[in-house]
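Here are my notes on the model you sent. Please read them with the structure open.

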Amino acid sequence: MFESLVDKFSGIFKKLRSKGKLSPQEVESILKELRMVLLESDVHYKVAKDLINRVKERAVGREVLESVTPGEMVIKILWDEIRKCLGGETQNLNISALPSFLLLVGLQGSGKTTTCAKLALRLKRQGHFPLLVSTDTRRPAAKEQLKTLAQNAQIDFFDEPDATSPLEVVKKARVFARQKSNDVVIVDTAGRLHVEEMLLAELRELVEQESFQETLLVLDATTGQEAVKVAKSFEEWVKPTGIILTKVDTDARGGAVLSIVSQTGWPVKLVGTGEKLEQIETFHPDRMASRILG
Ligand code: GDP
């Protein structure tokens, strides 16, 4: 994960650590190198520029330049600024309502259906009684996929074969969840290869008429800057409460996560770290900053 970013940073850090004192010019040239690494790792240029400027403001202070380990201090400041750029604090899912409804939206192929099942399994293991709901009224294969995942993980599943809209399915799922005493309801939605107006209009109708504790946008980390564009186009129709970033295990560059958080302002709540259902983790900005810095 993030191999290229980690590799490149480690080269610069080695140089930094080997130096005794640092002159302001040396700090400047190191920051330039760090900025290049961020850009090469698919971090948006504005995000990289802002991040490096904040590090610079803190790093050219007397405290750093006169320190006996200035290199370490620059690394620590960079870590702290990356942590802030990633959202600062860990943001947990809001599952306080009974039952709590979590809506997952995103493009086809982003890992949405798999993530629904991963989330359900994780909540089940934490002692909850989740219900998985498929609202893709047009693609039977999508429903079957979620149904099979639910069966394999022994999780309750609901769909309404005759329903004509996601709203109708969710209304019925509410009644079903009450009868079955499910405390968290995870709703999978249709996604297409591109953002399609008709599907988004259905989504908007759904979020306007039903209440969801979370509307989570599932984004594929490996798509880099494209994921930011996807986020922006979804924003016109639904306002996500957070992001689930998938496939971070196959994202060698690692810049997407920095760009996505700082350009959308939405917190990443969970990350997908593999194809298996167990491979989902809470997103901790501090730990992710450490991973990025190697
Ligand atoms: P959907 O079309 O958005 O519902 O996407 P799917 O759930 O069908 O997932 C598309 C592909 O991505 C499948 O092959 C999944 O196994 C894979 N996938 C999902 N999440 C992850 C992840 O976190 N890491 C990896 N490596 N693959 C994932």
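How many residues surround the ligand, and which are the closest?

1. This is a predicted model. The ligand is surrounded by 17 residues. The closest are Gly109, Lys112, Thr113, Thr114 and Asp249.

2. A polar side-chain atom of aspartate 249 sits 2.8 Å from a nitrogen atom of the ligand. Backbone atoms contribute too: a polar one of glycine 111 is 2.9 Å from a ligand oxygen, and a backbone N or O atom of lysine 112 is 2.8 Å from an oxygen atom of the ligand. On its own the ligand has 580 Å² of accessible area, and the protein covers 80% of this.

3. Next, the make-up of the shell. It holds 11 polar, 5 charged and 1 nonpolar residues. Helix 6 (residues 112-125) supplies the largest share, with 4 residues.

4. Now strand 2 (residues 130-134). Is it buried or exposed? Of its 5 residues, 5 are buried, so the strand is largely enclosed by the rest of the structure. In a regular strand, side chains alternate between the two faces of the sheet. Here both faces are covered: Pro130, Leu132 and Ser134 are buried on one side, Leu131 and Val133 on the other.

5. Strand 2 has parallel partners. It pairs with strand 4 (residues 184-188) over 5 bridges, where valine 133 has valine 187 as its bridge partner. Another 3 bridges join strand 2 to strand 3 (residues 156-158), also in parallel. There, leucine 131 is partnered by aspartate 156. The chain runs from strand 2 through helix 7 (residues 140-152) to strand 3, in a right-handed β-α-β crossover.

Methods: Residues numbered from 1 in each chain as written. Predicted model: local features only at pLDDT ≥ 70, side-chain atom pairs only at ≥ 80, totals over all residues. Heavy atoms only, no water. Near = heavy atom within 4 Å. Polar contact = N/O pair within 3.5 Å; in protein donor to acceptor, adjacent residues only side chain to side chain. Areas by Shrake-Rupley, 256 points an atom, 1.4 Å probe, with all protein chains shown as cover. Helix = DSSP H or I, 4+ residues; strand = E, 2+ residues; numbered from the N terminus. Nonpolar A, V, L, I, M, F, W, Y, C, P; charged D, E, K, R; others polar. Buried < 20%, exposed > 50% of the residue type's maximum accessible area, 1.4 Å probe, protein only. Pairing = 2+ DSSP bridges. Right-handed = clockwise from strand over helix to strand, strands pointing away.
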